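Let's take a friendly walk through this structure together. Keep the 3D view open and follow along as each part comes up.

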Amino acid sequence: MFDSEDMFRAFQPHRGESIVMVTGTSGRSWMDVTTKPERDLSLQGAMGQTTSAALGFALSQPGERLVLFDSEGALLMNLGVLATIAGKKPKKLLPFPDGQRVLRHHRRTTGAQCPRY
Amino acid sequence: MEQQQAALLQPETLVDEFKKNGVTHIVTIPDSETNYLYELMKEQDWLDVIPASREGETFAIALGLIVGGKVPVCVIQNTGMMESGDSIRGMALDSGFPLVMLVGYRGWNRHGVITDTAAKYTETFLHAMGVNYYLVEHDDDALRISIAFEEAKATKRPVAVLVGDEYHGFNRI
């Protein structure tokens, strides 16, 4: 099992000047890992919509590289956003769907995703 | 009849209002009933149109644009607005930013009994969410759109503009 905190620690040395967005339960551990909190952005507020908010920000600031960590459960709630992103083609938006262990956390609260063990 | 047609809200009037109020992006769900408006918006070099997959997305995309310094408007229909309740709560109301949403008022009329439940529940929904709104039907009502922009800026809240005549002049194909 790949823990989200391990994933964040692996990512941290490579973030450069990227703006980083995290969301949901898994995103909390990013706060313990980040070394540039002034370059972190939180636009969560409705599960499934963070990827859409990231798209909006990426379109408004095309010169900034934006890295988004979203849970796969959240992405499943808003799969249409992938078509929206494909249509607008933001050049510097990098979405990372997070999965498996994170899914278990979210499954407790939403019940909408397929269980995997 | 010609006089009646001339008095109806024209898509060009909406676009003029967008320009006057500094709108930079339209986040919308393209549909057959508003195809002329969609094509007209796409023709404007000062306006970027973002077609979304469902209405709930539009509020989140708008929030990202606002945080990035842009001025978006969500153009949707009342049915989709009701389906977007949690997005309006989490991404528009809770965020504390100004946002105007232009909402097609499907089923609304002032001349008879309203039977379409999409129209019956539209204003009830907006009341429940605490979102103020303005009804526009004719070109003479266009000033109310600017009022909505001013109110959104002053209150840092979403404000709705209900388009009560969405099926006349918006579809010309």
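Chain B holds an open sheet of six strands in the order 2-1-3-4-6-5, with parallel pairing. This is a predicted model, in which local features need pLDDT of at least 70 and side-chain atom pairs count only at pLDDT 80 or more, while totals for chains, interfaces and linings use all residues. Residues are numbered from 1 along each chain as its sequence is written, and chains are lettered from A and ligands numbered from 1 in the order in which they are written.

Helices (H or I, at least four residues) and strands (E, at least two) are DSSP runs, numbered from the N terminus. Two strands pair if DSSP finds at least two bridges between them.

Now look at individual pairs. Strand 1 (residues 25–28) of chain B pairs with strand 2 of chain B in the parallel sense over four bridges, and Thr28(B) stands opposite Pro51(B) in strand 2. To get from strand 1 to strand 2 of chain B, the chain crosses through helix 3 (residues 35–43) of chain B, and this β-α-β crossover is right-handed (with the strands pointing away from the viewer, the path from the first strand over the helix to the second runs clockwise). Strand 3 (residues 72–77) and strand 4 (residues 99–104) of chain B are parallel partners too, joined over five bridges. There, Gln77(B) stands opposite Gly104(B) in strand 4 of chain B.

Let's move to chain A. Chain A has seven helices and four strands, which run α-β-α-α-β-α-β-α-α-β-α from the N terminus on. The four strands form an open sheet in the order 2-1-3-4, with parallel pairing. Strand 2 (40–41) and strand 4 (93–98) of chain A stand at the edges, each with a single partner strand, so one side of each is left without a neighbour in the sheet. Strand 1 (residues 19–22) and strand 3 (residues 66–71) of chain A run parallel and are joined by four bridges; Val20(A) has Val67(A) as its bridge partner in strand 3.

Finally, where do the chains meet? The contact takes 24 residues from chain B and 20 residues from chain A, where two residues are in contact if their C-beta atoms, placed from the backbone, lie within 7 Å. Helix 4 of chain B gives the most to the side of chain B that touches chain A, with nine residues. The axes of helix 4 (residues 50–60) of chain A and helix 4 of chain B come within 6 Å and cross at roughly 40°. Among the residues that meet there are Leu55(A) and Phe57(A) from helix 4 of chain A, and Ile61(B) and Leu65(B) from helix 4 of chain B.

Key
Axes are lines fitted to C-alpha atoms, for helices over the stretch in contact, and angles run from 0 to 180 degrees between N-to-C directions.
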